[in-house]
Amino acid sequence: MDRRQSTRVDILLDIRLDFGVRRYRHFANNLSLSGLYVKGFYEQKAGDVCVIDLKQAKSREAGAIRAVCSAVRVNETGMALKFISMKIDSFLLLQTVVASFADDPELLGGESLKDISFTQEDGLIMYENTLPLINYSFPLA
């Protein structure tokens with residue numbers, strides 16, 4: 001039985017990860033409204049925070065999802081990341097991408113309201129499961 005709470009889609013994505021000291025460029029192929037899994041080898045540990053830029057692998061369009069993430073699990077095959085925050089335009093693009101590739105896009109409406117809290121003052125979407133990190137300064141510009 002799949003215990004995942006969010007709809008996952010398989011789509012090849014180009015991802016750049018910036019952990020400050022270390023930067024990586026890889027491909028991801030497992031995306032949801034709450035996070036993603038990136039294959040590869042990483043010298044990171046669970047809890048490490050990064051800024052990601054994510055776009056469709058062969059897309060010539062400028063649209064990219066920029067978000068702050070936290071490593072949830074790191075093993076020899078890759079790393080699972082959960083979203084902490086992103087600008088509203090990135091979130092809308094994320095919703096569009098996931099809905100476009102989901103088997104049942106209608107399920108996404110309930111998912112987006114279940115785990116996400118919107119903060120109006122700075123134009124960011126903050127995920128409720130990471131509220132202790134709200135005061136952390138994230139470079140999303």
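The model is predicted: local features need pLDDT of at least 70, side-chain atom pairs count only at pLDDT 80 or more, and totals for chains, interfaces and linings use all residues. Residues are numbered from 1 along each chain as its sequence is written, and side-chain values use heavy atoms, leaving out hydrogens and water.

**Fold**
- The chain holds 2 helices and 8 strands (DSSP runs: H or I of at least four residues for helices, E of at least two for strands).
- Its order from the N terminus is β-β-β-β-β-β-α-α-β-β.
- Among contacts (heavy atoms within 4.5 Å) with a separation of 6 or more, 56% join residues 24 or more positions apart.

**Burial and surface**
- Of 141 residues, 42% are buried (under 20% relative accessible area; exposed is over 50%, partly exposed in between; 1.4 Å probe, protein chains only).

**Salt bridges**
- The whole structure has 5 salt bridges (a side-chain nitrogen of Lys or Arg within 4 Å of a carboxyl oxygen of Asp or Glu).
- Arg25 pairs with Asp14, with closest N and O atoms 3.0 Å apart. Arg25 sits in strand β2 (residues 23-31) and Asp14 in strand β1 (residues 13-18), so the bridge ties parts 11 residues apart in sequence. Arg25 is exposed at 52%; Asp14 is buried at 7%.
- Arg23 meets Asp18 at 3.3 Å, N to O. Arg23 is exposed at 61%, and Asp18 is partly exposed at 28%.
- Asp48 meets Lys45 at 3.2 Å, N to O. Asp48 is buried at 16%, whereas Lys45 is exposed at 55%.
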